[in-house]
Amino acid sequence: MSILLNAETTFIVQGITGREAVNLTRECLDYGKGAKIVGGVTPGRRGRDIHGVPVFDTVAQCVEHHGRPVDGSVVTVPPAFAKDAVFEAIENGVKLVVVVTERIPRRDVAQMVELASMHGARIIGPNCLGIIVPDVIKMGGIGGPARNAAKAYTPGPVGVISRSGGMTTEMSSTLTAAGLGQSTAVSIGGDAIIGSSYAELMPLFEADPDTEAIVIYTEPGGRMEAQLAAWVSEHNSRLPIVAFMAGKFMDEMPGMSFGHAGTIVEGKADTAAEKITRLAEAGITVAEEISQIPELVRARLA
């Protein structure tokens with residue numbers, strides 16, 4: 001099994017005629033069993049097609065053409081229009097929205113997340129690469145071209161969650177090389193406000209019988225690790241978790257931001273050292289190097 005996606009998941013691509021979206025669409029169509037992309041949206045471009053995917057002016061037109069509800073959407077529109085695109089998807093019944101767009105204003109993201117909650121929908125991202133179920137389907141640019149994704153990701157028992165899109169693939173590739181495949185890998189995004197945190201995805205992995213362990217990639221800044229530690233402790237999680245904490249050097253440079261918008265250390269609780277302590281207290285093993293992750297996962301599974 002998997003979480004969030006399966007071979008029957010249908011989705012659309014909003015902003016499909018943009019250069020990045022054209023490539024992303026091709027990658028998803030080519031990967032695994034081939035994504036069921038039932039339409040794309042770019043206002044004013046109705047009647048065109050991208051790699052055989054029909055283009056419409058609105059999400060409503062996509063849904064009408066499909067003849068039944070659409071499961072998901074990948075949003076690749078410019079930051080100024082991202083909130084409207086997400087609202088349009090959710091208001092037309094889409095329950096899973098993967099927001100690839102970077103640099104969306106925090107106020108807009110907060111409103112997007114609030115609307116999703118009101119409609120029983122889930123947002124992954126923004127500023128993320130999406131979701132992949134190895135050898136089955138990918139939704140977003142995760143893993144890159146299909147041939148590269150097929151090398152990095154293989155089916156197996158380890159769920160992967162990462163704030164960094166590239167490191168989602170790096171950790172999965174490291175696991176794959178060690179003979180440990182992945183059940184589902186999720187790039188959750190590196191912004192200060194995101195739609196789905198570690199703790200919010202844990203119940204889904206917890207309920208998946210094919211997931212036997214979790215690997216996470218994390219960074220200084222924000223409260224997500226504290227939330228994860230609290231969730232694991234409160235729910236007595238059955239899943240062993242191995243984490244890798246990047247950016248430990250930032251503990252010596254408080255108030256600075258590096259890379260992702262979310263890596264802003266505002267106090268002691270945001271530091272790498274404090275996060276490592278919290279994770280360890282919850283029984284989460286923290287790797288010193290990414291190369292150690294497979295060995296640590298095997299030890300926890302044993």
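Colleague: What should I know before I start?
Modeller: The model is predicted, so local features need pLDDT of at least 70, side-chain atom pairs count only at pLDDT 80 or more, and totals for chains, interfaces and linings use all residues. Residues are numbered from 1 along each chain as its sequence is written, and side-chain values use heavy atoms, with hydrogens and water left out.

Colleague: How many salt bridges does a search of the whole structure find?
Modeller: Seven. A salt bridge here is a side-chain nitrogen of Lys or Arg within 4 Å of a carboxyl oxygen of Asp or Glu.

Colleague: Which residue meets K138 in a salt bridge?
Modeller: E27 does, at 3.2 Å, N to O. E27 lies in helix α1 (residues 19-30) and K138 in strand β9 (residues 137-139), so the pair ties together parts 111 residues apart in sequence. Helices (H or I, at least four residues) and strands (E, at least two) are DSSP runs, numbered from the N terminus.

Colleague: Is K138 buried or exposed?
Modeller: K138 is buried, with a relative accessible area of 0%. E27 is buried too, at 15%. Buried means under 20% relative accessible area, exposed over 50%, partly exposed in between (1.4 Å probe, protein chains only).

Colleague: And which residues are linked in a network of salt bridges?
Modeller: R163, E219, E225 and K275. R163 and E225 have their closest N and O atoms 3.2 Å apart. Both R163 and E225 are buried.

Colleague: New topic. Where does T42 lie?
Modeller: T42 is in the loop between β2 (36-41) and β3 (49-50). T42 counts as buried, at 12% relative accessibility.

Colleague: What does the side chain of T42 make a polar contact with?
Modeller: The side chain of T17, at 2.9 Å. A polar contact is a pair of N or O atoms within 3.5 Å; within protein, one must be able to donate a hydrogen and the other to accept it, and residues adjacent in sequence count only if both atoms are side-chain atoms.

Colleague: Last one. At what angle do the axes of α3 and α4 cross?
Modeller: Roughly 5 degrees, and the axes of α3 (residues 79-91) and α4 (residues 106-118) come within 10 Å. Axes are lines fitted to C-alpha atoms, for helices over the stretch in contact, and angles run from 0 to 180 degrees between N-to-C directions. That makes α3 roughly parallel to α4. Angles under 35 degrees count as roughly parallel, over 145 as roughly antiparallel, 65 to 115 as roughly perpendicular and the rest as oblique.
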